[in-house]
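This report concerns a strand with its pairing partners, and the pockets of the model.

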Amino acid sequence: MFTGIVEELGEVVAVENRGDSSRFRLRGPLVTEGARHGDSIAVNGVCLTVVTADDGAFTADVMAETLHRSCLGALRTGDRVNLERPMALGGRLGGHLVQGHVDGTGTLTERVPGDHWELVRVALPDGLARYVVEKGSITVDGVSLTVVEAGDDSFTVSLIPTTLDLTTLGVKRVGDPVNLEVDVLAKYVERLLGANATAGAPAAPTATATVTPAGEGAR
C-alpha cells in the first residue's frame, strides 16, 4: 500500500522488450536503499516487484496487462519517473490509500499557471468519472492529489510548487498521457451498494398453472 507521496524522481536506465512483457531498469538511490528481491516500488503510480537491486538502481518486470492499462509501455531510456516505496505499517498516511493498481490512463488537456501554482485539467477515460468527486482524492502518475472540479469527462487539480519541482507533473505537457488510480473506497462502496440492491430486490413472480373448473371455459 502506498500514499501517493513521491519520494524520489528516478530515471529509466534501460528497457528490454520481451515480447508480451518488458523488463525495466530504473535508477533511484533513495528507494533502492535496502531494497531486496520481491520488494515493491511504485513507478509512476504502478506497483512493481523488484527483481534485482544494486548500485542505486533496480530491475522490474512489467506484464502485458500493466503495459496495456498504464503508460509504462511508453517509457524510454532517460525518461524521469515518480518513485515511492510502500508505507510502513504504522507510518503516517501523508496522501491517501493508494494500491498502485492503475485503473486507466488520462490525458493532460490544459495547464493554467498561477503566481505560485498551476491548475491542470485531465481528461478521463470511459467509466472512471463516477469515482471522481470534488475535494476527493485521485492518484495521477503516482501523485496523491485533491480534485478541484469533477466534470463528466475530466477533472482539475492544483499543483503546488513542491509537486511541480519534485514530480514528473512539473514537466508534463498538454497531450501527454498519465496513469490514474481512483479512490479504492469508492469502488468498494459501489460494489457493496450493487450487491445490497440485488439482495434486497423482490423475487421475480413465479409462473403458476391456472386450473379452470369444468364448464367455465366457455363463459
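What volume does the largest pocket have? The volume of the largest pocket is about 320 Å³. Lining this pocket are 15 residues, and those closest to its centre are Leu-75, Asp-79, Arg-80, Lys-172 and Asp-176. The model is predicted: local features need pLDDT of at least 70, side-chain atom pairs count only at pLDDT 80 or more, and totals for chains, interfaces and linings use all residues. Residues are numbered from 1 along each chain as its sequence is written, and side-chain values use heavy atoms, with hydrogens and water left out.

A pocket is an open set of points on a 1 Å grid over the protein atoms alone, where a 1.4 Å probe fits, with protein on both sides within 12 Å along at least five of seven lines; lining residues have an atom within 4 Å of a point. A volume is the space filled by probe spheres set on the points, which are joined across faces, edges and corners.

| Pocket | Volume | Lining by class |
|---|---|---|
| Largest | about 320 Å³ | six nonpolar, three polar, six charged residues |

Strand β8 (residues 118–123) pairs with β11 in the antiparallel sense over six bridges (pairing requires at least two DSSP bridges), and Arg-121 has Thr-156 as its bridge partner. Strand β10 (residues 143–150) is also antiparallel to β11, through three bridges, with Val-147 opposite Val-157. A hairpin of three residues joins β10 to β11.

How values were computed. Helices (H or I, at least four residues) and strands (E, at least two) are DSSP runs, numbered from the N terminus. Ala, Val, Leu, Ile, Met, Phe, Trp, Tyr, Cys and Pro count as nonpolar, Asp, Glu, Lys and Arg as charged, and the others, Gly among them, as polar.
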